[in-house]
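Me: I have a structure to look at and want to understand the terms used for it. Can we go through them one by one?

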Amino acid sequence: MEAQKTLGRVKARPRIRDRVVAEIVEVLIETAGSAHQDVVIQRIASRRGEPATDNLAQEVVGRFEAHLKARRRRGSPLM
């Protein structure tokens with residue numbers, strides 16, 4: 001498990017196998033868990049060194065929605 005240090009404690013975070021979802025989670029961690037999807041898409045594009053196109057937006061939003069749907073189905077925490 002990957003760990004994240006929070007207020008002097010280490011909080012375990014499960015590994016996310018989907019690369020796009022992992023990128024989304026990293027951006028959300030950087031923004032204290034709250035960012036509009038346009039900000040998330042822009043940051044992912046910037047990290048990849050590519051423009052924030054409609055195709056990228058569709059990929060990011062679609063993969064995140066699929067991730068949440070699968071987690072709900074399994075009764076797992078969303079993140």
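Me: Which residues of H2 and H3 meet?
Reply: This is a predicted model. In it, Gln 37, Ile 41, Ile 44, Ala 45 and Arg 48 of H2 meet Leu 56, Ala 57, Glu 59, Val 60 and Val 61 of H3. Sorted by class, this contact has seven nonpolar, one polar and two charged residues.

Me: Why is H2 called roughly perpendicular to H3?
Reply: H2 (residues 37-48) and H3 pack at an angle of about 115°, with axes 10 Å apart. Roughly perpendicular covers 65 to 115 degrees. H2 is therefore roughly perpendicular to H3. Their crossing is right-handed.

Me: How do you know that H1 and H3 are roughly perpendicular too?
Reply: The axes of H1 (residues 19-30) and H3 (residues 54-74) cross at roughly 95° and come within 9 Å. The range is 65 to 115 degrees, so H1 and H3 are roughly perpendicular to each other.

Me: Which residues make the contact of H1 with H3?
Reply: Val 20, Val 21 and Ile 24 come from H1. They meet Glu 59, Val 60, Arg 63, Phe 64 and His 67 in H3.

Me: What makes a residue count as buried, and how many do?
Reply: Buried means under 20% relative accessible area. Of the 79 residues in the protein chain, 24% count as buried.

Me: What pattern does the protein chain follow?
Reply: Along the sequence, the pattern is β-β-α-α-α. That comes from two strands and three helices.

Terms used
Residues numbered from 1 in each chain as written. Predicted model: local features only at pLDDT ≥ 70, side-chain atom pairs only at ≥ 80, totals over all residues. Heavy atoms only, no water. Helix = DSSP H or I, 4+ residues; strand = E, 2+ residues; numbered from the N terminus. Buried < 20%, exposed > 50% of the residue type's maximum accessible area, 1.4 Å probe, protein only. Axes fitted to C-alpha atoms, helices over the stretch in contact; angles between N-to-C directions. Parallel < 35°, antiparallel > 145°, perpendicular 65-115°, else oblique. Contact = heavy atoms within 4.5 Å. Left-handed = near helix turned anticlockwise from the far one by under 90°. Nonpolar A, V, L, I, M, F, W, Y, C, P; charged D, E, K, R; others polar.
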